Amino acid sequence: MALIGLVRVSTDKQNTQRQHDALGPICLKVFEEKTSGKLATDDRPDLLNALGYIREGDLLTVHEVD
């Protein structure tokens, strides 16, 4: 089992460092997306990459959801 992280912000102007600082030390891999979370999953390529990366038994975690 591996912990996989997803860092997300809505715009390129927002900083992701705090989320990386929290997830980096505990996750095998961290994916990052800078897009609206309101988009359909199919319109979020970085989320799709994260979902494609995880294997059975892995856990996808997000630092915080606003």
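A salt bridge is a side-chain nitrogen of Lys or Arg within 4 Å of a carboxyl oxygen of Asp or Glu. The model is predicted: local features need pLDDT of at least 70, side-chain atom pairs count only at pLDDT 80 or more, and totals for chains, interfaces and linings use all residues. Residues are numbered from 1 along each chain as its sequence is written, and side-chain values use heavy atoms, with hydrogens and water left out.

**Exercise 1.** State how many salt bridges the structure holds, and give their partners.

*Solution.*
- The structure holds three.
- Lys-34 pairs with Glu-32; the closest N and O atoms are 3.9 Å apart.
- Arg-44 pairs with Glu-33, at 2.3 Å between the closest N and O atoms.
- Arg-55 pairs with Asp-58, at 3.5 Å from N to O.

**Exercise 2.** Classify the partners by burial (buried: under 20% relative accessible area; exposed: over 50%; partly exposed: in between; 1.4 Å probe, protein chains only).

*Solution.*
- Lys-34 is partly exposed at 33%. Glu-32 is partly exposed at 30%.
- Arg-44 is buried at 10%. Glu-33 is buried at 1%.
- Arg-55 is exposed at 52%, whereas Asp-58 is buried at 14%.

**Exercise 3.** Locate Arg-44 and list its contacts (heavy atoms within 4.5 Å).

*Solution.*
- Arg-44 sits in the loop between strand E2 (29-34) and helix H2 (45-53). Helices (H or I, at least four residues) and strands (E, at least two) are DSSP runs, numbered from the N terminus.
- Leaving out residues up to four places away in sequence, Arg-44 touches Arg-8, Glu-33, Thr-35, Ser-36, Gly-37 and Leu-39.
- Thr-35 lies in the loop between E2 and H2. Thr-35 is buried at 18%.
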